[in-house]
Amino acid sequence: MQAAGSAAFGHRSKAGNMNHRLHLPGLPGLPGLPGLPGFPAKLTSLGVLCAASAALIIGIPAAAVVGLPASTTATRLPASTTAARLPASTNATPVLDIVPKPVSATVGSGHFALARTARIVAAPAAPGAPAATELSIADDLAAYLRPATGYPLPVLVGAPAPGDITIRLGDPGTLKPANQAEGYELDTTTSSVTIEAPTSHGLYNGVQTFRQLLPPWINSRTTAPGPWTTPVVTITDYPRYEYRGVLLDIARHYEPPQAVEQLIDQVASYKINQLHLHLSDDQGFRLAITGFPRLTGIGSAGSVGTGGRSQDPGGFWTQAQYKAVVAYAAAHFISLFPEVDSPGHNNAIIMSEYGDTGNPNLPANPHGINCGQFNPPQWDYTEDVGYSAMCPDSPDTWAIMTAIIDQLTAETPGPYYDLGGDEVPTSLLTAQQYAQFINTEAPLVTKQGKTVMGWADIAGPGTTPPEGSVAEYWQPAAGSDPGTETGREAVAKNMKVIMAPANHTYLDQKYIVTATSSVPASLGMNWACAKGCDVDSAYNWDPGSLVTGVTDKNVIGVEGDMWGETVATMSDVDYMVFPRLLALAEVAWSPAAQRTASSPAYRDFLQRLAAQGARLQAADVNFYPSTEVPWQLAAEGAAPLTASASGHVAGTVAMLSAPGFPTSTLTMCDSSLGIGCTIDWGDGATTTGDVTGVNATDTRVNSLYTISGQHTYAHPGTYHGVVTLSAGNAAPVTADFTATWP
Ligand code: TNX
């Protein structure tokens, strides 16, 4: 810990959100921000990127299409049909739009087409051997594929037939022992799909990759027409880091269990495997603790910004709800663990228990728990930090903390319990008192069989973290700049390190304002990112070399941190989380690469990230259509149209994903004003269609667009129509539809 903080510490102005922590004296390791490495010159203008993508993204040649089911009448696959792009030079290998990028992927010729008759086969290691693991992953895959395809996709144990998907638990022979825990092999041929892995987690990871081989509409919750084809590939894949996390802060703004489950759905598909749930902070305590009803009775009633608690009144989870979300996360191979921040960041606990004089579970006088700036303590629903602390000498402190730790660890099967430990000014607790607190609390955690995790501040002078404890490095400092010493202190104490440098991983930091970006004034802080932090900052850094002396020998992973001060709804959360978390997911999963604002690795990532726009839109997830990303168009033909007795057809011919592309007409397509669309009705006639949808706001991505049209045929028959769609500099795409005049 450093020199005592001044009184100004606790009175950061609200506007001081701009400089949250920037000018705070007395913060461990943050006497001022070192030069931010996050702002190299931008790659290029959007226009140049889009031109590049136009050159890269071309349709799959008709000759490559094999194995389509008989019911598919298309003779040609639209460019958006599969997740493979062919580079401009025709004999080069297609690029797969998978995030995070797999370790190795080889693309063959042809396609696999998922047919209505396909089955998902759990293949036991030997005939008659139990197949529970395979079955459970096969069920997961079926549940992912059924809504959009509308296919029955029965799950069974047995031998696969042509057209089936096989889930096999076993060693594919291509994974080294170190890569077996989560590694997998995925093979598609023109007539089969096989996912093989030594563990259920590996199989699940393979399933996530397979989903991304299919067209983006596979994420629709309602039936989409397909066709459901994938490129032919052999993928061998495993993670760089075992810990790939996201933090969600439901203390500053309450979120209900279902909202968190929706976030789990999304992050699991990008192979995030840890959910760090920040349950308590100055403004709120969010989990019922037996024996201490005031923690939620009083402590959960407010949120940041509530002032008189009339709006946004907070909330809390019961332990049964917590347990259910833990189980939901586990079913998505995500280990959920709690953080109850201490000894600072805990005004909600102090406010709840300070007056709890009649509680038989408190052995002394509960006034003794308060070592904060104010006595008696008082609510502060602003974004201020650094005014609260619990006293390490009070027996009541430990009665409360023991109950919290015992009850939370009992409901948490994963390995971690996070005790927080950040940002306690020495004006409130001396370095010695702070160390005393951490050294008292850590054994309570290990006693329950959990690994201690905390912000890297817990590696400071005098602390004795138990063997194997984990420090999260959060300072926005690199190399050996001031602030980086917490990283080295953690290494010196044999701690493992999770990299969460604020200027690369804090998902609450504002995006970058540009002439064309619509960055909301209301969302996000910028203390770690003076000019904003965008996809570039999230992607272009290396966890194993950012801080001098902290290497991959120490680093176990990466975490994206969604702090809750400015986000009141999950839509807001999603807007800040996506697409940046996908960059962090790749940094955590994929092999190290030369990641800079102008590196080929970043260009390649941006192309793959662009393809995720349609996937997020199909899943109805909000995200920020960052101007750093060369967003692509993806189109899906509509269900067949039927003509009236006089040969007239009218209705929806296609859906279009065009993130970041507004349309100023929202009626007739006009490429000069937004979305261009031309409908070829299949009888030689061509018309301009209509586009409807909702344009972006500064907190919401634009909606999917519906393309519709009308036409009168001269003769009865079945017509194969094609819609050609364009927007800005993006490569045009087509979608097929059928119209029948019986
Ligand atoms: C830092 S540094 C925090 C959080 C805030 C966040 C806002 C650290 C471990 N904690 O308490 O919510 O900044 O950006």
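In this predicted model, the largest nonpolar core holds 183 residues, and those that touch the most other members are Leu-145, Phe-210, Ile-404, Leu-656, Ile-675 and Ile-707. Domain 1 (109–237) and domain 2 (243–592) each contribute residues to this core, so it lies between them. Another core, of 11 residues, lies apart from it; among its members are Leu-247, Trp-474, Met-525 and Trp-527.

Leu-656 illustrates the contacts within the chain. Leaving aside residues up to four places away in sequence, Leu-656 touches Trp-217, Leu-633, Ala-634, Ala-635, Ile-675, Leu-704, Tyr-705, Ile-707, Leu-725 and Val-733. Across the chain, 75% of the contacts with a separation of 6 or more are accounted for by residues 24 or more positions apart.

The overall values for the chain are as follows.

| Property of the chain | Value |
|---|---|
| Secondary structure | 15 helices and 27 strands |
| Buried residues | 61% of the 742 residues |
| Accessible surface | about 24800 Å², 57% of it from carbon and sulfur atoms |

The second largest pocket has a volume of about 620 Å³. Its lining comprises 27 residues, of which Tyr-144, Arg-211, Arg-221, Asp-265 and Gln-266 are the closest to the pocket centre. Two or more lining residues are given by each of the elements α2 (132–149), α3 (200–213), α4 (257–268), α6 (319–331) and α13 (570–577). Which element supplies the largest share of the lining of the second largest pocket? That share, 5 residues, comes from α4.

Terms used:
Residues are numbered from 1 along each chain as its sequence is written. This is a predicted model: local features need pLDDT of at least 70, side-chain atom pairs count only at pLDDT 80 or more; totals for chains, interfaces and linings use all residues. Side-chain values use heavy atoms; hydrogens and water are left out. A nonpolar core is a set of buried Ala, Val, Leu, Ile, Met, Phe, Trp, Tyr and Cys residues joined through side-chain atoms within 4.5 Å. Buried means under 20% relative accessible area, exposed over 50%, partly exposed in between (1.4 Å probe, protein chains only). Domain bounds come from an automatic or database domain assignment. Contact means heavy atoms within 4.5 Å. Helices (H or I, at least four residues) and strands (E, at least two) are DSSP runs, numbered from the N terminus. Accessible areas come from the Shrake-Rupley method with a 1.4 Å probe; for residues, only the protein chains shown count as cover. On a 1 Å grid over the protein atoms alone, a cavity is a set of points where a 1.4 Å probe fits but cannot get out, and a pocket is an open set with protein on both sides within 12 Å along at least five of seven lines; lining residues have an atom within 4 Å of a point. Grid points are joined across faces, edges and corners, and a volume is the space filled by probe spheres set on the points.
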